[in-house]
Amino acid sequence: MGQILLTDVRKKFLDYFKKNNHQIVESSNLVPNNDPTLMFTNSGMVQFKNVFTGLEKRQYKTATTSQKCVRAGGKHNDLENVGYTPRHHTFFEMLGNFSFGDYFKEQAILHAWTLLTKDFNLPKDKLSVTVFHEDEESFKLWKKIAGLKDEKIIRIATSDNFWSMGDTGPCGPCSEIFYDHGEKLKGGPPGSIDEDGDRFIEIWNLVFMQFEQISKDKRINLPKPSVDTGMGLERMTAVLQGTHDNYNIDHFKKIMNSSSVLLKSPIDNKTIASHRVIADHLRASSFLISEGILPSNEGRGYVLRRIMRRGMRHAHTLGGNDIIFYKLFNVLLNEMKESYPELNTSKDLIVETLRNEEEKFSSLLERGIKILDENLEKVQNKTLPGEIAFKLYDTYGFPFDLTADILRAKDIKVDSKGFDKEMSKSKALARANWKGSGDKSVEERWFKIREDLNPTEFLGYEFDKAEGVVIKISKNDKFVNSASSGDEIEIISNQTPFYGESGGQVGDQGYIFNSDCKIKINDTQKKMGDLFVHYGKIENGSLTVGQNINLEIDNIKRNKSKANHSATHLLHESLRRTLGKHVMQKGSLVSPERLRFDFSHNKPIKKEEIVKINKIVNDIVEGSSDIQTRIMTPKEAVNMGALALFGEKYGKEVRVVFMGKENNGFFSTELCGGTHVKNTKEVGKFKIVSQSSIASGVRRVEALRDKQLEEYERNQKQDQSLKEKNLKKEIELIKNELQNLNIKPDYKHNADLSDNLKNLNKQLSRVKIENTKKDKNKNKIKDKKVGSIIIREQILKDFPPKELRSIIDQGKKDIKSGIIISISIFENKVGLAVGVSQDLISKYDAVNLVKIGSEILEGTGGGGRKDFAQAGGANKDNIEKVFKAIVKKIN
């Protein structure tokens, strides 16, 4: 049989079905957005689930795909078998063809037989098939189309040959096609006692969806039966390359040969399992990271970490003291980038994540293995105590299955019940040490359920909609099993694309719905650090715990929040570079409408500094560089220069966001769990629109960007236009008033309108003051003699109080010796001034006299010197009383 490469097999399969009127559909993501029960996409039909159930319509009725799949974690978990068999993988590709109510059994069988025996040229005598024992139609079709003898069509009565989507829904019989690798291998045909051997290998499964399971006891025929088939690409390639070992095909040989060279470890019977693990886990890790999944201690990120650390442990077993995983990535990239360009797009992230995780784990691995070796004497009945396995998990980051994998070579098992017991004790201790925060009754409510729930899986870094399962419903601060229309409720689901408020970024809004109800979500909050709580009101229908739901965020608002959040990072660094390294974040608000940033700085930002800050941010935005994200320990992040966010509590690992490429690294590096744009250009034009002081040594700036900034500037322009119009009108009025007084206006045509208005107002004020002084009608003067002292009483209308000093000075010149009491009325306020000539200050104090008047005018004290004092008041009806009281005091 001639050599055919893995890429050729994929192409030939897809081309065959394209030629036969099938739509080639791209592989969906490894994180399914339409099946909340799955951790990862594990078959080709996952992306078509809603098409098969009738919830979704497509423009085509037949399709073909090469689907990325991962089987690690959840109910489909091949992780522990990878490396020890020639066929198990965590990551693999599933080739498939699908009919959505179009062709059925006959055409599906014809396509399968034609492709295998003609296009792939497999010998017919090497092929056999199985059918469900009740499926007489398929049995007859195989005889008719393939000409197979009865003994080559094996009836199977078990569930292996009957597929169902769940307890209810579409279901139907399967027909599997097997290839016989020959007598050189052990094993019997399907249905026999030794069917699990390597000789007879299933290469294609045809699922005929012809029924709908209504209940446990009731099944009806589907009006439009469908077809779902699956063929493992790696397994089919092995058959076509004449081997029963998937790891012996061209694709895996290149990766394994590279690991052999890097580790200086030849591939033989002793080492082959480890080389298989390294090759497989490199593939799974790289594809998961390319979709934004990063190693963590929860959910999908934890499965990724388990895969990575298992592969890295096997590299260590082969004698690898240096980190090698990231060095192998280029081999994988060259193999698969044509079919999966996302590997090339994400190569920097993949390489960095592989390198960081291996560096981190290598030191833990040595210490962990040392602890494990030291405790081997505690092994009884070939079983390691669970408390030792838990110590390795809790202290050194050893997942349970990694410890089991290490001991597998020594034929030692791990006490899983003991491990679970230690885990429960650890949770109990955490509960005992919990102090709580905020409203105790509210926080305790969430704390009590936290230990019974897994953390909410946040999908929002990559997806804006997803399916989930309702885990908890809360109404009126109590957990309930169901809620109905009009109820205001809080919902926890197993996974969500909704961002829970933290790090200054507000929680997402949107809708949660299914066929039974629709809920408007007004806010999303985090409780206990990793439970995402959706706050909303049921608009119609009812919701029950355990139901499947669709979760869709308000994408417009989220995109605005993302861009504002990224802009905040750029603003922070720009402030530090302009004002100094003392600038540290003290708080922030990132919402769809605006961004607000509080920081340490003890004086207002100058105009020229604001211009510079805006320019720095906009230059980075226009640089159009991709924003990158890494997961690392807080210490590693800080060592890289990352800035921590105010008020955030960080765990053992943090998400670090890098923005803006510079010659020697990145413009901004911050610890941040928020959502961000993919490229700086998405931020748009940026501008600080206000600044203020909110506390001693703390400044606040508010900024806008993109469309909101455009609208703001448009409104500002309109406001400025109106302001200028009003200024011009006011200026004309003043100019006319000055001209009526036979005064030439002090107006400069090239000057700013505001400056001109200010100068004209000053000019008019001076003229009015002078005229008031001269105008006996406005300037009521009454001189009288009390004893030997001349007292001048004076009332001035429309006269600014601040100009009373000049009136007092003029009065002293007029009367030479005496006391002047001047009161002005201006804009409904009263001003009082008292002057005492130099020859009388030894006997009379102007300050004491003015305070008497101020009290009568309902003012607040007053002040000055012995020869001149001034005060203000509000009650102009008491002016005559002021004169009488001061005169009485003088007398």
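A crossing of two helices is right-handed if the near helix is turned clockwise from the far one by less than a right angle. In this predicted model, α8 passes α13 in such a right-handed crossing. Helix α8 covers residues 299–317, and helix α13 covers residues 400–408. Their axes lie 10 Å apart and meet at an angle of about 25 degrees. Angles under 35 degrees count as roughly parallel, and α8 and α13 are therefore roughly parallel to each other. On the α8 side, the contact involves R306, R309, R310, R313 and H314. On the α13 side, D401, L402, D405 and I406 take part.

Helix α1 contributes K12, F13, Y16, F17 and K19 to the contact. Helix α3 contributes H111, T114, L115 and D119.

Aromatic contacts were then examined. A pair of aromatic rings is described by the distance of the centres and the angle of the planes. The search of the whole structure gave 25 aromatic pairs. One of them joins F48 and F100. Their ring centres are 5.2 Å apart, with 50 degrees between the planes, and the pair is classed as tilted. F48 lies in the loop between β1 (23–24) and α2 (49–52). F100 lies in the loop between β3 (91–99) and α3 (105–119). The pair therefore ties together parts that are 52 residues apart in sequence. Both F48 and F100 are buried. They also belong to one aromatic cluster, formed by F48, F52, Y60, F98 and F100.

F390 and F419 form another pair. Their ring centres are 5.8 Å apart and their planes stand at 65 degrees, so the pair is edge-to-face. It links distant parts of the chain, 29 residues apart. F390 sits in helix α12 (residues 386–396), and F419 sits in helix α14 (residues 416–433). Both F390 and F419 are buried.

Rings also meet charged side chains. K518 lies over the face of Y511, at 4.7 Å from the ring centre. Likewise, the charged end of R805 sits over the ring of F868, 4.5 Å from its centre.

M45 is located in the loop between β1 and α2. Its relative accessibility is 9%, so M45 counts as buried. M45 and D228 are 183 residues apart along the chain, yet their C-alpha atoms are separated by 6.6 Å. With residues up to four places away in sequence set aside, M45 touches F52, F98, W163, M165, M209 and D228. Of these, F52 and F98 are members of the aromatic cluster described above.

E490 is found in strand β16 (residues 488–493). At 13% relative accessibility, E490 counts as buried too. The C-alpha atoms of E490 and G536 lie 6.4 Å apart in space, although the two residues are 46 apart in sequence. Again leaving out residues up to four places away, E490 touches R445, W446, K472, I473, S474, V533, H534 and Y535.

Note on methods
Residues are numbered from 1 along each chain as its sequence is written. This is a predicted model: local features need pLDDT of at least 70, side-chain atom pairs count only at pLDDT 80 or more; totals for chains, interfaces and linings use all residues. Side-chain values use heavy atoms; hydrogens and water are left out. Rings of Phe, Tyr and Trp (its six-membered ring) pair if their centres lie within 6.5 Å; planes under 30 degrees apart count as stacked, over 60 as edge-to-face and the rest as tilted. Helices (H or I, at least four residues) and strands (E, at least two) are DSSP runs, numbered from the N terminus. Buried means under 20% relative accessible area, exposed over 50%, partly exposed in between (1.4 Å probe, protein chains only). A charge sits over a ring if NZ of Lys or CZ of Arg is within 6 Å of the ring centre and within 35 degrees of the ring normal. Axes are lines fitted to C-alpha atoms, for helices over the stretch in contact, and angles run from 0 to 180 degrees between N-to-C directions. Angles under 35 degrees count as roughly parallel, over 145 as roughly antiparallel, 65 to 115 as roughly perpendicular and the rest as oblique. Contact means heavy atoms within 4.5 Å.
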